[in-house]
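Let's take a look at the charged pairs in this one, and then at a greasy bit of its surface. Here it is.

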Amino acid sequence: MTSQRLPRQRSSSGLNWHIYASLVAIWITLTLLVHPGGDFPILDEWSYGRTVKNLIESGEFRYDGWNAPTLFLQILYGALFCWPFGFSFEALRVSTLVAGLAGGIGTFLLLREVAATRVVAATGSLVLMLNPSYFQHSFTFMTDVPFTALVVWSSLFFLRSLRTGSTQDVVFGTVLAACATLVRQPGAMIPVAFGIASLAVHPVSMRLLVRAALPTAVATATYIVYLAVIRHLAMEPVLLGTMQ
(Lines give C-alpha, C1' and ligand atoms only; values in the text may rest on other atoms or scores of the structure.)
Protein backbone atom coordinates (compact mmCIF):
# COMPACT_ATOMS: atom_id res chain seq x y z
CA MET A 1 0.00 0.00 0.00
CA THR A 2 1.48 3.35 -0.98
CA SER A 3 1.40 6.36 1.27
CA GLN A 4 -0.96 9.17 0.30
CA ARG A 5 -0.37 12.77 1.28
CA LEU A 6 -3.30 14.55 2.83
CA PRO A 7 -4.03 18.10 1.67
CA ARG A 8 -2.18 20.74 3.61
CA GLN A 9 -3.84 23.66 5.27
CA ARG A 10 -3.72 26.64 2.99
CA SER A 11 -1.44 29.42 4.08
CA SER A 12 -3.04 32.41 5.71
CA SER A 13 -1.77 35.68 7.09
CA GLY A 14 -1.71 35.93 10.85
CA LEU A 15 -3.86 33.68 12.99
CA ASN A 16 -7.27 34.63 11.58
CA TRP A 17 -8.10 36.56 14.71
CA HIS A 18 -10.59 38.73 12.85
CA ILE A 19 -12.58 35.61 11.90
CA TYR A 20 -12.48 34.28 15.45
CA ALA A 21 -13.63 37.67 16.74
CA SER A 22 -16.46 37.73 14.20
CA LEU A 23 -17.66 34.26 15.22
CA VAL A 24 -17.56 35.26 18.87
CA ALA A 25 -19.42 38.50 18.17
CA ILE A 26 -22.13 36.72 16.16
CA TRP A 27 -22.58 34.10 18.88
CA ILE A 28 -22.79 36.67 21.68
CA THR A 29 -25.21 38.86 19.70
CA LEU A 30 -27.54 35.94 19.00
CA THR A 31 -27.32 34.84 22.63
CA LEU A 32 -28.36 38.30 23.81
CA LEU A 33 -31.24 38.32 21.32
CA VAL A 34 -32.49 34.99 22.67
CA HIS A 35 -31.97 36.23 26.24
CA PRO A 36 -31.47 32.84 27.93
CA GLY A 37 -32.32 33.99 31.44
CA GLY A 38 -34.59 32.17 33.86
CA ASP A 39 -33.66 29.69 36.56
CA PHE A 40 -35.79 26.83 35.25
CA PRO A 41 -35.04 23.54 33.48
CA ILE A 42 -35.54 22.79 29.77
CA LEU A 43 -35.95 19.26 28.40
CA ASP A 44 -33.95 16.78 30.52
CA GLU A 45 -32.16 19.54 32.45
CA TRP A 46 -34.35 18.81 35.45
CA SER A 47 -32.51 15.51 35.90
CA TYR A 48 -29.02 16.49 34.74
CA GLY A 49 -29.16 19.70 36.75
CA ARG A 50 -30.19 17.86 39.90
CA THR A 51 -27.01 15.79 39.68
CA VAL A 52 -24.93 18.98 39.39
CA LYS A 53 -26.85 20.58 42.26
CA ASN A 54 -26.21 17.59 44.51
CA LEU A 55 -22.50 17.66 43.64
CA ILE A 56 -22.22 21.39 44.35
CA GLU A 57 -24.17 21.39 47.60
CA SER A 58 -23.22 18.07 49.18
CA GLY A 59 -19.99 17.14 47.39
CA GLU A 60 -21.52 13.79 46.44
CA PHE A 61 -21.73 12.59 42.84
CA ARG A 62 -25.06 10.82 42.48
CA TYR A 63 -26.99 10.37 39.25
CA ASP A 64 -30.65 11.26 39.27
CA GLY A 65 -31.26 8.10 37.27
CA TRP A 66 -32.84 9.58 34.13
CA ASN A 67 -29.71 9.80 31.99
CA ALA A 68 -29.03 7.32 29.20
CA PRO A 69 -25.81 9.11 28.10
CA THR A 70 -22.73 8.59 30.23
CA LEU A 71 -22.98 12.28 31.24
CA PHE A 72 -20.13 12.05 33.79
CA LEU A 73 -17.80 14.68 32.32
CA GLN A 74 -20.66 17.05 31.52
CA ILE A 75 -21.72 17.03 35.17
CA LEU A 76 -18.20 18.04 36.23
CA TYR A 77 -18.08 20.67 33.48
CA GLY A 78 -21.40 22.16 34.52
CA ALA A 79 -20.33 22.15 38.17
CA LEU A 80 -17.35 24.35 37.28
CA PHE A 81 -19.71 27.06 36.03
CA CYS A 82 -21.96 26.75 39.08
CA TRP A 83 -19.17 26.69 41.64
CA PRO A 84 -18.44 30.47 41.87
CA PHE A 85 -22.03 31.60 42.63
CA GLY A 86 -23.94 28.42 43.45
CA PHE A 87 -26.19 26.22 41.40
CA SER A 88 -28.53 27.66 38.79
CA PHE A 89 -29.89 26.50 35.46
CA GLU A 90 -28.70 29.78 33.99
CA ALA A 91 -25.10 28.90 34.83
CA LEU A 92 -25.57 25.50 33.21
CA ARG A 93 -26.86 27.19 30.04
CA VAL A 94 -23.81 29.43 29.98
CA SER A 95 -21.61 26.33 30.11
CA THR A 96 -23.33 24.91 27.04
CA LEU A 97 -23.17 28.24 25.19
CA VAL A 98 -19.40 28.28 25.75
CA ALA A 99 -19.19 24.72 24.42
CA GLY A 100 -21.31 25.75 21.42
CA LEU A 101 -18.90 28.55 20.54
CA ALA A 102 -15.94 26.20 20.98
CA GLY A 103 -17.57 23.78 18.55
CA GLY A 104 -18.01 26.54 15.98
CA ILE A 105 -14.40 27.71 16.20
CA GLY A 106 -13.22 24.10 16.09
CA THR A 107 -15.21 23.57 12.90
CA PHE A 108 -13.44 26.54 11.30
CA LEU A 109 -10.05 25.06 12.19
CA LEU A 110 -11.12 21.60 11.04
CA LEU A 111 -12.13 22.90 7.62
CA ARG A 112 -8.93 24.91 7.32
CA GLU A 113 -6.99 21.73 8.08
CA VAL A 114 -8.46 20.14 4.94
CA ALA A 115 -7.41 23.15 2.84
CA ALA A 116 -10.72 25.03 2.78
CA THR A 117 -10.42 28.76 2.18
CA ARG A 118 -11.12 31.07 5.08
CA VAL A 119 -14.47 32.05 3.55
CA VAL A 120 -15.53 28.42 3.12
CA ALA A 121 -14.29 27.49 6.61
CA ALA A 122 -16.10 30.44 8.22
CA THR A 123 -19.27 29.56 6.31
CA GLY A 124 -19.01 25.94 7.47
CA SER A 125 -18.57 27.10 11.03
CA LEU A 126 -21.70 29.25 10.82
CA VAL A 127 -23.62 26.38 9.22
CA LEU A 128 -22.97 24.37 12.39
CA MET A 129 -23.52 27.20 14.86
CA LEU A 130 -26.77 28.32 13.22
CA ASN A 131 -28.11 24.84 12.59
CA PRO A 132 -31.53 24.90 14.31
CA SER A 133 -30.86 21.80 16.40
CA TYR A 134 -27.35 22.88 17.45
CA PHE A 135 -28.46 26.45 18.19
CA GLN A 136 -31.52 25.35 20.16
CA HIS A 137 -29.61 22.84 22.26
CA SER A 138 -26.92 25.43 23.02
CA PHE A 139 -29.48 27.02 25.34
CA THR A 140 -29.96 23.83 27.33
CA PHE A 141 -27.81 21.57 29.49
CA MET A 142 -28.37 18.62 27.18
CA THR A 143 -25.37 16.58 25.98
CA ASP A 144 -25.80 17.30 22.25
CA VAL A 145 -23.66 20.44 21.96
CA PRO A 146 -20.82 19.62 24.40
CA PHE A 147 -20.49 16.20 22.76
CA THR A 148 -20.41 17.75 19.28
CA ALA A 149 -17.72 20.23 20.35
CA LEU A 150 -15.55 17.43 21.72
CA VAL A 151 -16.05 15.38 18.54
CA VAL A 152 -14.99 18.34 16.39
CA TRP A 153 -11.83 19.07 18.38
CA SER A 154 -10.86 15.41 18.68
CA SER A 155 -11.32 14.99 14.93
CA LEU A 156 -9.20 18.09 14.31
CA PHE A 157 -6.22 16.69 16.21
CA PHE A 158 -6.57 13.24 14.68
CA LEU A 159 -6.79 14.70 11.19
CA ARG A 160 -3.77 16.91 11.80
CA SER A 161 -1.79 13.89 12.98
CA LEU A 162 -2.64 12.07 9.74
CA ARG A 163 -1.05 14.94 7.81
CA THR A 164 1.95 15.68 10.02
CA GLY A 165 2.58 12.37 11.80
CA SER A 166 2.56 14.22 15.13
CA THR A 167 2.33 11.91 18.15
CA GLN A 168 1.29 14.87 20.29
CA ASP A 169 -1.79 15.40 18.11
CA VAL A 170 -2.69 11.72 18.50
CA VAL A 171 -2.48 12.12 22.27
CA PHE A 172 -4.69 15.23 22.24
CA GLY A 173 -7.19 13.56 19.93
CA THR A 174 -7.31 10.47 22.12
CA VAL A 175 -7.82 12.45 25.33
CA LEU A 176 -10.67 14.44 23.76
CA ALA A 177 -12.23 11.24 22.38
CA ALA A 178 -12.13 9.73 25.87
CA CYS A 179 -13.74 12.91 27.21
CA ALA A 180 -16.44 12.70 24.54
CA THR A 181 -17.07 9.08 25.58
CA LEU A 182 -17.70 10.29 29.14
CA VAL A 183 -20.40 12.61 27.79
CA ARG A 184 -22.02 10.22 25.30
CA GLN A 185 -21.05 6.64 24.52
CA PRO A 186 -20.53 7.09 20.72
CA GLY A 187 -17.40 9.12 21.49
CA ALA A 188 -15.53 5.81 21.46
CA MET A 189 -16.09 5.64 17.69
CA ILE A 190 -13.89 8.68 16.93
CA PRO A 191 -10.56 6.85 17.38
CA VAL A 192 -11.96 3.87 15.43
CA ALA A 193 -12.35 6.20 12.44
CA PHE A 194 -8.82 7.51 13.02
CA GLY A 195 -7.44 3.97 13.06
CA ILE A 196 -9.13 3.08 9.77
CA ALA A 197 -7.95 6.31 8.15
CA SER A 198 -4.37 5.72 9.36
CA LEU A 199 -4.26 2.32 7.71
CA ALA A 200 -5.72 3.80 4.52
CA VAL A 201 -3.21 6.61 4.03
CA HIS A 202 0.07 5.13 5.33
CA PRO A 203 2.07 1.98 4.54
CA VAL A 204 1.17 -0.78 6.99
CA SER A 205 3.78 -1.51 9.67
CA MET A 206 3.78 -2.76 13.23
CA ARG A 207 4.35 0.78 14.50
CA LEU A 208 1.41 2.03 12.47
CA LEU A 209 -0.84 -0.76 13.75
CA VAL A 210 -0.05 0.19 17.34
CA ARG A 211 -0.55 3.88 16.57
CA ALA A 212 -3.90 3.15 14.88
CA ALA A 213 -5.22 0.80 17.57
CA LEU A 214 -4.04 2.48 20.78
CA PRO A 215 -6.49 5.44 20.74
CA THR A 216 -9.42 3.04 20.31
CA ALA A 217 -8.11 0.92 23.18
CA VAL A 218 -7.84 4.00 25.42
CA ALA A 219 -11.36 5.25 24.65
CA THR A 220 -12.83 1.76 25.08
CA ALA A 221 -10.95 1.22 28.34
CA THR A 222 -12.20 4.59 29.58
CA TYR A 223 -15.79 3.51 29.07
CA ILE A 224 -15.26 0.05 30.58
CA VAL A 225 -13.60 1.50 33.68
CA TYR A 226 -16.39 4.07 33.98
CA LEU A 227 -19.04 1.33 33.89
CA ALA A 228 -17.14 -0.78 36.41
CA VAL A 229 -16.81 2.13 38.84
CA ILE A 230 -20.44 3.26 38.76
CA ARG A 231 -21.62 -0.34 39.12
CA HIS A 232 -19.28 -0.92 42.04
CA LEU A 233 -20.57 2.24 43.71
CA ALA A 234 -24.21 1.38 42.88
CA MET A 235 -24.48 4.59 40.84
CA GLU A 236 -25.69 3.01 37.61
CA PRO A 237 -28.60 5.08 36.16
CA VAL A 238 -31.82 3.22 35.50
CA LEU A 239 -31.86 4.20 31.80
CA LEU A 240 -28.19 3.43 31.09
CA GLY A 241 -27.99 0.87 28.30
CA THR A 242 -31.72 0.81 27.61
CA MET A 243 -33.05 0.75 24.06
CA GLN A 244 -34.03 4.26 22.94
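## Salt bridges overall

Searching the whole structure, which is a predicted model, turns up 6 salt bridges. Some of them are worth a walk-through.

## Around helix H2

Start with Asp-64 and Arg-50, a salt bridge whose closest N and O atoms are 2.7 Å apart. This pair links distant parts of the chain: Arg-50 belongs to helix H2, while Asp-64 is in the loop between helix H2 (45-58) and helix H3 (72-82), 14 residues apart. Asp-64 has 27% relative accessibility and is partly exposed; Arg-50 is partly exposed too, at 44%.

Glu-57 and Lys-53 make another salt bridge, at 3.0 Å from N to O. Both sit in helix H2, 4 residues apart, or about one turn of the helix. Is Glu-57 buried or exposed? With a relative accessible area of 55%, Glu-57 is exposed, whereas Lys-53 comes out partly exposed at 33%.

## A bridge between helices H7 and H4

Arg-163 and Glu-113 meet at 2.5 Å, N to O, in a salt bridge. Here too, distant parts of the chain are linked, with Arg-163 in helix H7 (residues 144-164) and Glu-113 in helix H4 (residues 89-113), 50 residues apart. Glu-113 counts as buried because its relative accessibility is 2%. Glu-113 also belongs to a salt-bridge network with Arg-160 and Arg-163.

## The nonpolar patch

Now for the greasy bit: Leu-199, Val-204, Met-206, Leu-209, Val-210, Leu-214 and Val-218 make a nonpolar surface patch of about 610 Å². Which helix gives the most to the nonpolar patch? That's helix H10 (residues 206-232), with 5 residues. Val-218 lies in helix H10 and is partly exposed, at 34% relative accessible area.

Notes:
Residues are numbered from 1 along each chain as its sequence is written. This is a predicted model: local features need pLDDT of at least 70, side-chain atom pairs count only at pLDDT 80 or more; totals for chains, interfaces and linings use all residues. Side-chain values use heavy atoms; hydrogens and water are left out. Patches are made of residues with over 30% relative accessible area and no salt bridge: like charges are joined within 9 Å, nonpolar side chains (Val, Leu, Ile, Met, Phe, Trp, Tyr) within 5 Å. Accessible areas come from the Shrake-Rupley method with a 1.4 Å probe; for residues, only the protein chains shown count as cover. A salt bridge is a side-chain nitrogen of Lys or Arg within 4 Å of a carboxyl oxygen of Asp or Glu. Helices (H or I, at least four residues) and strands (E, at least two) are DSSP runs, numbered from the N terminus. Buried means under 20% relative accessible area, exposed over 50%, partly exposed in between (1.4 Å probe, protein chains only).
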